[in-house]
Amino acid sequence: MQILAYADDVDIISRTPKSLQEATIALDRAARRMGLEINQAKTKYLICGTKKKYVENIFKVKHMTFKRVNTFVYLGTLITTDNNTSAEINNRITLANRSYFGLVNKLKAKNINRKYKVIIYKTLIKPVLMYGAETWVLSKADELHLGVFERKILRRIYGPICEGAI
């Protein structure tokens with residue numbers, strides 16, 4: 001009986017296909033010494049940057065074959081071929097929206113104080129939204145999308161604001 005284990009969340013960064021191949025072989029060799037194996041079905045490769053000379057859809061290393069993708073999620077962050085942070089921000093807003101809709105009954109509840117609703121927002125929704133924000137380069141459109149999402153939550157917590165008397 002043979003037991004196989006798979007290593008997760010390993011990222012190899014390389015400037016050339018040759019050095020990528022060498023690094024993959026070294027990783028495979030080290031993994032096999034520890035009884036681990038590279039899962040070809042889960043392992044993908046992505047080409048980032050402006051110079052995309054190598055456009056093959058398949059990358060072969062020894063006995064392994066890897067498929068090319070345009071995006072993938074690494075440690076919870078969306079990586080794209082053009083390093084588009086707007087795609088990651090939109091993904092984060094979608095995930096935070098899911099968190100929000102899972103908690104919307106709590107945020108609507110009349111018997112929960114606003115102070116606690118704000119705590120719910122700050123501890124359960126905002127961290128989902130802001131995960132990885134340290135690395136984002138924001139455009140005005142991204143700022144606008146984030147502001148719209150935050151205002152939606154705050155409107156739910158505080159209710160509508162009436163400006164001026166009629």
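## Ground rules

A residue is called buried when its relative accessible area is under 20%, exposed when it is over 50%, and partly exposed in between, using a 1.4 Å probe and protein chains only. With that in hand, Glu 22 counts as partly exposed at 45% relative accessibility.

The structure above is a predicted model, in which local features need pLDDT of at least 70 and side-chain atom pairs count only at pLDDT 80 or more, while totals for chains, interfaces and linings use all residues. Residues are numbered from 1 along each chain as its sequence is written, and side-chain values use heavy atoms, with hydrogens and water left out. Helices (H or I, at least four residues) and strands (E, at least two) are DSSP runs, numbered from the N terminus.

Let us start with the nonpolar cores. A nonpolar core here is a set of buried Ala, Val, Leu, Ile, Met, Phe, Trp, Tyr and Cys residues joined through side-chain atoms within 4.5 Å. The largest one has 17 residues, and Ile 125, Phe 149 and Ile 153 touch the most other members. Two or more residues come from each of helix H2 (85–108), helix H3 (114–130) and helix H4 (140–158). The biggest contribution is from H2, which gives seven residues. In soluble globular proteins, nonpolar side chains tend to be buried together.

Which residues does Ile 125 contact, leaving aside its neighbours within four places in sequence? Taking contact to mean heavy atoms within 4.5 Å, the list for Ile 125 is Ala 96, Ser 99, Tyr 100, Leu 103, Leu 107, Ile 120, Phe 149 and Ile 153. There is also a second, separate core of eight residues, with Leu 20, Ile 47, Val 61 and Phe 66 among them.

## The sheet and its helix

Strands count as paired if DSSP finds at least two bridges between them. Three strands make an open sheet with mixed pairing, in the order E3-E5-E4. Strand E3 (44–45) and strand E4 (58–61) are at the edges with a single partner strand each, so one side of each has no neighbour in the sheet. E4 and strand E5 (residues 64–68) run antiparallel and are joined by four bridges. Within this arrangement, Phe 59 is opposite Phe 66 in E5.

Helix H1 packs on the sheet, where it touches E4 and E5, and its direction makes about 55 degrees with that of E4. For that angle, axes are lines fitted to C-alpha atoms (for helices over the stretch in contact), and angles run from 0 to 180 degrees between N-to-C directions.

## A hairpin and a loop residue

Strand E6 (residues 71–74) and strand E7 (residues 77–80) run antiparallel and are joined by four bridges. Tyr 74 has Thr 77 in E7 as its bridge partner. The two strands form a hairpin with two residues between them, and Leu 75 in the turn has a positive phi of about 50 degrees.

Tyr 74 has another link to follow up. Val 10 touches both Leu 27 and Tyr 74, not counting residues up to four places away in sequence. Val 10 sits in the loop between strand E1 (5–6) and H1, and is partly exposed at 46% relative accessibility. In sequence, Val 10 and Leu 27 are 17 residues apart; in space, their C-alpha atoms are 9.4 Å apart.

## Charged side chains

A salt bridge is a side-chain nitrogen of Lys or Arg within 4 Å of a carboxyl oxygen of Asp or Glu, and by this rule there are four. In helix H1 (residues 17–33), Glu 22 and Lys 18 are four residues apart, which separates them by about one helical turn. Their side chains meet in a salt bridge at 3.1 Å, N to O. Lys 18 is exposed, at 57% relative accessibility.

Also in H1, Asp 28 and Arg 32 are about one helical turn apart, with 3.3 Å between the closest N and O atoms of their salt bridge. Asp 28 is buried at 2% relative accessible area, whereas Arg 32 is partly exposed at 42%. In H2, Arg 92 and Glu 88 are likewise separated by about one helical turn. The salt bridge between Arg 92 and Glu 88 has its closest N and O atoms 3.3 Å apart, and both residues are buried.

## A buried aspartate without a bridge

Asp 142 lies in helix H4. Asp 142 is buried yet has no salt bridge, and the nearest side chain of opposite charge, Lys 140, is 11 Å away. For charge, Lys and Arg count as positive and Asp and Glu as negative, while His and the chain ends are not counted. Leaving aside neighbours within four places in sequence, Asp 142 is in contact with Thr 85, Ser 86, Ile 89 and Val 137.
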